[in-house]
Amino acid sequence: MYKSEQLAHSLKLLIENGTWKANQKLPSLRQQVEQSGLSLITVMNAYQELEAQGLIYSKEKSGYFVAAQQTKETVHAINEKIEINSIVFKYLKSIQSENIIPLGSAFPNSQLLYSAKLIQTLGQLARQRRSYEQTPSLPPGNYELRKIIAQKYAMQGIPTDPSDIVITSGGLDALNLSLQALTHAGDYILLQQTIFYGAWQAAERLGLKVITIPEHPVHGIDLDAFEQAILKYPIKVCMLMLNSQNPIGFTVSDEIKLELAKLLNKHQIYLIEDDVYEELHYDQKKPLSMKYFDQQNWVLHCSSFSKTLGAGFRIGWVYAGKFSEHIQHSQLMSTLSVNSFIQNALVEYLSHRHYEKHLKTLRSTLQRFKKQYFNYLKNHLPDSCQIHYYPSGYFLWIELPEQVNSNVIYHTMLEHGVSITPSHLFNITDQNHHFIRINCSFEINERIQNALNLLVEIIQNQMNG
Ligand SMILES: Cc1ncc(COP(=O)(O)O)c(C=O)c1O
């Protein structure tokens, strides 16, 4: 991006997020030059660009002013029939081989998970017959484990009783069971336009229709679009990610979460919150979940240990509240119970301070790696590629120029033994796929560096036609 485009972009955000109000005077060209350190010509180009977009207007001898924004009718996409599972299946199969460099993997580098203390605990318990007994682990799951999880909620100021929690086979099972409890085939649900493919698969499995709302460039979630959709369509339930959103990465602010909670209550609508990355924040303070703002119990909060201890354990949970019973009934008809041995091991492991220590190391490693990937790609990708960096998790979301097709990038990379994730796996409504997701949880060694160089080269080749 040129400097004038960058300036125009950041000024546009100030207008769109309401920091600059309609008819407010913009800093003069001279003031802007002083503030930004850019040249007069760059600032003039930026202002002219915003004027051309109708975002500002000029008055002779008075300067530039913010134009009143048109109240735009939000574009909701309606998806009557979801067919994504076979695409996801094919994609996951294609990147499964151990020889493929896994920049397309959804899982963090397993070297950073499976903590040594937990493996030691598993070894000790493996020799005790009672740790395999299934009865104490039948739905809703091991009581001690639910108690520990309930305490974690309480520490965040969310009063929770172990009976609110149901242990599930990972976060995906928690999402599926929750959606199943709240919907019937043919119902409408609301999703973010760009979202983890598991949410689309869940909708497909249950024969649901999906309304999507576009992402807000500043707030992550567009509350106007959200409310308009609820007013316009008979939406039964929403399923959203608000912390370290996969694939984009943003975390929605507390202010917006509070407003969202008010809307759920006002329109009496349930939210299934997918929060499996909740622990992978880089800030000191863990982001609050929607459950914190939910006074009237409209939120079912789903999470798991997959992104912190390992997806191989398949342990997740849902804060199901009054839906606990219903969800347990479904479990009895599908998985029966979640692995009792692993539940016992987690109780033992989580009862000490091991988990907190492990999380501290995991977070700082992921933060370091992600910054390294960002810097490397920033220095090597053409300026017209925008790397969306957010301080949490282990994904980078990269916006390529519109003429670049991310699916072609994926196939070409795969021919060279490297995976990346193209955007059509997350967004089934937009036909213009020019985004990719990169997993940054693998240390940049020579092999990874070669893979990143290959990515840069393939993007450049596509850009040059
Ligand atoms: C956003 C999101 N939700 C849920 C899941 C599923 O998590 P689990 O492995 O605990 O089932 C994933 C896994 O990639 C994910 O990225």
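Where is the place of Leu 138? Leu 138 sits in the loop between helix H5 (116-126) and helix H6 (143-155); helices (H or I, at least four residues) and strands (E, at least two) are DSSP runs, numbered from the N terminus. Before we go on, note that this is a predicted model, where local features need pLDDT of at least 70, side-chain atom pairs count only at pLDDT 80 or more, and totals for chains, interfaces and linings use all residues. Residues are numbered from 1 along each chain as its sequence is written, and side-chain values use heavy atoms, with hydrogens and water left out.

Leu 138 is partly exposed, with a relative accessible area of 30%; that term covers values between buried (under 20%) and exposed (over 50%), with a 1.4 Å probe and protein chains only.

Now let us visit the ligand. Around the ligand are 14 residues, and the closest are Gly 171, Asp 274, Tyr 277, Ser 306 and Lys 307; a residue counts if one of its heavy atoms lies within 4 Å. Helix H7 (residues 170-182) gives the most to this shell, with three residues. A polar side-chain atom of Asp 274 lies 2.6 Å from a nitrogen atom of the ligand, while one of Lys 307 lies 2.7 Å from a ligand oxygen atom.

Our last stop is a sheet. This open sheet has four strands in the order S14-S15-S18-S17, with antiparallel pairing; two strands pair if DSSP finds at least two bridges between them. At its edges are S14 (386-388) and S17 (421-422), each pairing on one side only. S14 and S15 (residues 395-399) pair over three bridges, and His 388 has Trp 397 in S15 as its bridge partner.

How values were computed:
Polar contact = N/O pair within 3.5 Å; in protein donor to acceptor, adjacent residues only side chain to side chain.
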